[in-house]
2 protein chains.
Amino acid sequence: MNQKTYHIPSISCGNCVRHVEKAAKAVPGVTAVSVDLPTKKLSVEGAFEESALRAQLAEDGYPIDP
Amino acid sequence: MNQKTYHIPSISCGNCVRHVEKAAKAVPGVTAVSVDLPTKKLSVEGAFEESALRAQLAEDGYPIDP
């Protein structure tokens with residue numbers, strides 16, 4: 001189990017928040033997700049592979065920075 | 001073949017444009033799609049069922065108005 005926070009510059013509206021949450025929740029091992037729109041921060045909890053998270057978000061058009 | 005334009009109030013950023021375009025293109029019979037961000041207008045060409053288009057977009061969080 002870990003909890004990590006990521007910056008996703010392309011988050012720009014409430015629909016983005018919904019899409020990023022859905023994409024992150026689809027990653028195996030992820031147990032909880034939250035997105036803060038003003039800071040464009042994604043917080044993820046669980047025993048997940050960060051590479052899988054990055055790949056999933058990039059595929060949906062929301063690459064993690066850097 | 002027909003060409004129709006729809007108003008989608010929840011379109012609010014460039015990512016929305018991308019998601020709406022992808023959702024509309026997935027509807028059987030749709031041959032061309034364009035989205036204008038400032039006016040929140042979706043234009044669709046093809047021999048498609050409007051009910052299928054409306055259902056697809058609503059499912060993705062972008063319901064057509066009205």
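What area is buried between chain B and chain A, and what share of that area do carbon and sulfur atoms give? The buried area is about 690 Å², and carbon and sulfur atoms give 39% of that area. Buried area here is the accessible area (1.4 Å probe) that two parts lose on being put together, summed over both. In chain B, B:Asn15, B:Arg18 and B:His19 lose the most area to chain A, together 47% of what that side buries.

The model is predicted: local features need pLDDT of at least 70, side-chain atom pairs count only at pLDDT 80 or more, and totals for chains, interfaces and linings use all residues. Residues are numbered from 1 along each chain as its sequence is written, chains are lettered from A in the order in which they are written, and side-chain values use heavy atoms, without hydrogens and water.

The contact (heavy atoms within 4.5 Å) takes 10 residues from chain B and 10 from chain A. Four residue pairs across the interface are in polar contact, both residues at pLDDT 80 or more. A polar contact is a pair of N or O atoms within 3.5 Å; within protein, one must be able to donate a hydrogen and the other to accept it, and residues adjacent in sequence count only if both atoms are side-chain atoms.

Chain B can be laid on chain A with an RMSD of 0.0 Å, by a turn of 180° and a shift of 0.0 Å along the axis. The two copies are thus related as by a two-fold rotation axis. Superposition is by least squares on the C-alpha atoms of residues with pLDDT of at least 70 in both copies. Of the residues of chain B, B:Cys13 comes closest to the rotation axis, at 3.3 Å (C-alpha).
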